[in-house]
Amino acid sequence: MAISKLPSAALSLKQFLQRQKVLGIYRHMLRTIQQVPDEADRKYLRDWARDEFKRNKNATDQDAIRMMITQANNHLEELQKSLALARS
């Protein structure tokens with residue numbers, strides 16, 4: 001019988017990929033927020049994004065995480081559309 005050398009807290013492949021997706025969305029959101037022209041709005045959005053991701057950091061329910069990923073993508077798309085409209 002082989003003994004696993006992985007720590008007991010190791011992520012499964014599915015969890016690892018999901019984590020990478022969440023981190024990618026977070027990075028993309030922060031990069032998009034940097035394009036907001038007003039400093040006060042930029043700070044508000046950055047703090048909001050940071051708080052939302054921190055608040056849900058310990059979520060474990062896969063369905064809830066998928067829903068949060070969808071919501072984050074929707075927020076990101078909306079922010080990008082708003083910035084595009086502001087530039088035009």
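Predicted model: local features only at pLDDT ≥ 70, side-chain atom pairs only at ≥ 80, totals over all residues.

Biologist: Where does T32 sit?

Modeller: T32 is part of helix α1, which covers residues 13-33.

Biologist: Is T32 buried or exposed?

Modeller: Buried. The cut-off for that is under 20% relative accessible area, and T32 has 3% relative accessibility, so T32 counts as buried.

Biologist: What does the side chain of T32 reach?

Modeller: The backbone oxygen of H28, at 2.8 Å.

Biologist: Back to L79. What does L79 touch?

Modeller: Leaving out residues up to four places away in sequence, L79 touches T32, I33, V36 and L45.

Biologist: Now the core. How many residues are in the largest nonpolar core?

Modeller: There are 13 residues in the largest nonpolar core. Those with the most contacts inside it are M29, I33, V36, L45 and L79.

Biologist: Which helices supply this core?

Modeller: At least two residues of this core come from each of α1, α2 and α3. The most come from α3, which gives seven residues.

Biologist: Switching to α2. How many residues does α2 have, and how far does α2 reach?

Modeller: Helix α2 spans residues 39-55, which is 17 residues. From its first C-alpha to its last, α2 reaches 24 Å, close to the 24 Å expected at 1.5 Å a residue.

Biologist: Which residues of α2 are buried?

Modeller: R42, L45 and A49 are the buried residues of α2. They cover an arc of only 70 degrees around the axis, so they are on the same side of α2.

Biologist: And what is on the other side of α2?

Modeller: A40, Y44, K54 and R55 are there, and they are exposed.

Biologist: What covers the buried residues of α2?

Modeller: The cover includes α1 and α3, with α3 being 62-87.

Biologist: Last one, N73. Where is the place of N73?

Modeller: N73 is in helix α3. N73 has a relative accessible area of 28%, so N73 is partly exposed.

Biologist: How far apart are the C-alpha atoms of N73 and M29?

Modeller: They are separated by 8.8 Å. Along the chain, N73 and M29 are 44 residues apart.

Key. Residues numbered from 1 in each chain as written. Heavy atoms only, no water. Helix = DSSP H or I, 4+ residues; strand = E, 2+ residues; numbered from the N terminus. Buried < 20%, exposed > 50% of the residue type's maximum accessible area, 1.4 Å probe, protein only. Polar contact = N/O pair within 3.5 Å; in protein donor to acceptor, adjacent residues only side chain to side chain. Expected span 1.5 Å × (residues − 1). Arc of directions from axis to C-beta. Contact = heavy atoms within 4.5 Å. Core = buried A, V, L, I, M, F, W, Y, C linked by side-chain atoms within 4.5 Å.
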